Amino acid sequence: MADVTVAQFAEVLKVPVDKLLSQLDEAGIKVKGSDDKISEDAKLELLTHLRRAHGQDDTPATAAAPRKITLKRKSQSELKLSGAQGRSRTVNVEVRRKRTYIKRDVLEKQAQDEQDALDRQRQEEEDRVNAEALEQERLVAEKEDAAKREIEARKKEEQAQKSAEDDARKAAEKAVTDAAEEKSRLEKAEADARARRTKEKEKAKPKPKHGETRYGRKELHVAGDKSGRRKRKSPTRRRPVSMGGDAKHGFELPTAPVVHEVEIPESISVAELAQKMTIKGNEVVKVLFNMGALVTINQVIDQDTAMLVVEELGHVGKAVDSVDVDEKLLAEESKIIGDASARAPVVTIMGHVDHGKTSLLDYIRRTKVVDGEAGGITQHIGAYSVDTDKGPITFLDTPGHAAFTAMRARGAQATDIVILVVAADDGVMPQTIEAIQHSKAAGVPLVVAVNKIDRENADPERVKNELSQHEVIPEDWGGEQMFVNVSALKGTGVDELLDAILLQAEVMDLSAVAEGPAQGIVIESSLEKGRGATATLLVQSGTMKQGDMIIAGEEYGRIRNMFDETGASIKEAGPSRPAVVLGLSKTPGAGDDFLVVKNERKAREVAEFRQTKTRDAKLAQQQASKMEDMFSQMQDGEVSSVPVIIKSDVHGSAEALRDALTKLSTEEVRVKVLGSSVGGITETDANLAAASNATIIGFNVRADAAARTAIKESGVDIRYYSIIYEAIDDVRAAMSGLLAPEVREQIVGLAEVKDIFSSPKFGDIAGCIVSEGYVKRSSPIRVLRDNVVIYEGELESLRRFKDDVNEVRSGTECGIGVKNYSDVKVGDQIECFERIEVARTLD
């Protein structure tokens, strides 16, 4: 057939042109219109497409048997509808139906394929599970085999060791016996040889001659049977050797046990301790196991435990203070060389809480520090350098709350003069006495500032009387302490106080070397966002400069930047000057000493040694506490605990909060501090709290985004505080909730026995009359005879006439059956009581 146009081909097929054009488009044959021509190949391609669309394939076999058949039916009918005014109209209705039939074997093949895929997936899953089980069994078998091999190896090693010791002992004994026999044999041989030589000398003695030589000496004659040369000795015959008493065998058994003097440092590993006693490590482990300590040969134990082990094994223990390597390394760095010059005094302000310490310092500095403290109380050590008209003075402001004892102790150690602030209207309080003790322990002179004298109820004489009871005597009473009456609000007496401070400093003749590397003390440390670890340092000698390498406690670093107390950047700080430094690796501990060193290598070496020493001591302490906890729990049962994690803004506050919460512990409930550190609350803290069911206490810090998400998911209890005693009160309340309630007994009724009746069902029944209160069937009872308790139990029956009742009131008769007791007599009293649980609180 020649090429025809689309219109001619549609006329031959008897289909509309539009439909043919759409089918050509579906088959992928591009034509522009009905006038375009179609080739024979295009017709065959169209035929193939139509067959595929109707479920047929191109092959003749499948063409004879199509997979699906589509039937189309079209029917036309007419409907007559009645219209308005009796007219009717005809509506042509055309119904088109299309049905597709698919061969059953196709559906069955699809279902079979799906079933095969599911079977393959199930088989693969079973194979994987079986493989994992076999692998698990193999690992368990390997572990068991390894354990058996290890046990057998230990047994063989012990047997070999035992046999070696036996062989050595036998060899030593045999050696001693052989040595004795050899000695006797040699002595006998030596005696025989000596006698033989004596006889030979006598035989070989030459006869005297009358001739003499020309030199006037007698001529030497040789025996006739002797030649002029010395004969070579036989190699098999040796001259006997005399053995003295020092030539004993080296493996002689000791006649007495060897006792070693063992030097024991603060912490020592089990292997090192065994080496010092020249015994095997497993013997030390065995002794510790008998003492109740489950340790390994590589574990570190404390000095007290090691002393007990040494004494148990029969040696002498000697406790020694370990010579710190860091002190040796820093010996040259810490030498102070140079001429001393006058320096500013370091003054610490101490006293009871809310007695006006910070307000007094505010007036001197002309600032408002107290307004920035939460609750109006100081919770950090503040270091300030003040240039007064009379000279520079460095002030340290310490908290007065009871929880900050360690802070006040550090302030007293780092200061030259202590100002004891006492409110004139309040007098001497507990923290006032504690401040006096700290200053005396540090050997620091005391200047008393009697504050709040502007109040109406101020009584300075009362303050003097109360302080005199604690050996603080004013100068006008013949003592050594200066007393100054001041008012922090109005500034009364502040100039006199500064004069007293400078006078005391002049008497003390304070001086320091300004040149050379700086050294001093860490006042406070914190972890700030964007700045990292920051530390407030007080320079005591030398000059600290930006860029210096310093070591502070267990941390080291190069000073990147320095600030004064106002936040202004400074380049150097001399003696008695506080400075905030950036650049340390982590936050150092408050109270640690710092020192400027020459190179980073030495600083790193000293810091790593100190960290290792602290870690060993902590591990030894944890091991000891684990043993104590185990034995205390075995003796007293399980002790309730309140686990907490403390995060604070500065190191001193974290330390104070940890100590205050630990002191709340009692025999029944205790506070378990899982961690105490500086910085914001992180996701690691939240995960630790979730794992240990602990409460996170954030003191002036907040949780970051990741931590908040973790806390929300795990439901961890987190609490934020800015005042320390609020945190202490909340933890005390939580501990009170864990206390077992107190059980109290309350007598609710008393019945007198009037007669005894016998019941076939309940036995003896006491006929009673309730004289006081009421008697309940469910309440416990006591039987009293002559006001003495003879039985305690419960009721079996309670009746009024013949009816069972639950309660009988005062003045009413009733019948009472006592359970498991039949010795009730007339005149006895039956006491009914209740047990009431009363919640307890911590003292």
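Two strands pair if DSSP finds at least two bridges between them. The structure above is a predicted model.

**Exercise 1. Find the neighbours of strand S30.**

Task: Which strands do bridges join to S30, and how do they run?

Solution. 
- Step 1. Locate S30 at residues 742-759 and S37 at residues 829-838. Ten bridges join them, and they run antiparallel.
- Step 2. Turn to S31, residues 763-776. Ten bridges also link S31 to S30, again antiparallel.
- Step 3. Check a position here: Gly767 of S31 stands opposite Asp755.
- Step 4. Look at the link. Three residues lie between S30 and S31, which form a hairpin.

**Exercise 2. Classify a helix pair.**

Task: At what angle do H1 and H2 pack, and which residues make the contact?

Solution. 
- Step 1. Take H1 (residues 6-13) and H2 (residues 17-27). Their axes are 9 Å apart, at an angle of about 110 degrees.
- Step 2. Angles of 65 to 115 degrees count as roughly perpendicular. H1 and H2 are therefore roughly perpendicular to each other.
- Step 3. List the contact: H1 gives Val6, Ala7, Phe9, Ala10 and Leu13, and H2 gives Val17, Leu20, Leu21 and Leu24.
- Step 4. Sort by class: nine nonpolar, no polar and no charged residues.

**Exercise 3. Judge the confidence.**

Task: Where is confidence lowest, and where is it highest?

Solution. 
- Step 1. Start with the whole protein: the mean pLDDT is 79, and 83% of residues reach 70 or more.
- Step 2. Helix H4 (residues 60-64) is lowest, at a mean of 46; strand S32 (residues 780-785) is highest, at 91.
- Step 3. Where pLDDT is low, the predicted coordinates should not be read in detail.

Methods:
Residues numbered from 1 in each chain as written. Predicted model: local features only at pLDDT ≥ 70, side-chain atom pairs only at ≥ 80, totals over all residues. Heavy atoms only, no water. Helix = DSSP H or I, 4+ residues; strand = E, 2+ residues; numbered from the N terminus. pLDDT = per-residue confidence, 0-100. Axes fitted to C-alpha atoms, helices over the stretch in contact; angles between N-to-C directions. Parallel < 35°, antiparallel > 145°, perpendicular 65-115°, else oblique. Contact = heavy atoms within 4.5 Å. Nonpolar A, V, L, I, M, F, W, Y, C, P; charged D, E, K, R; others polar.
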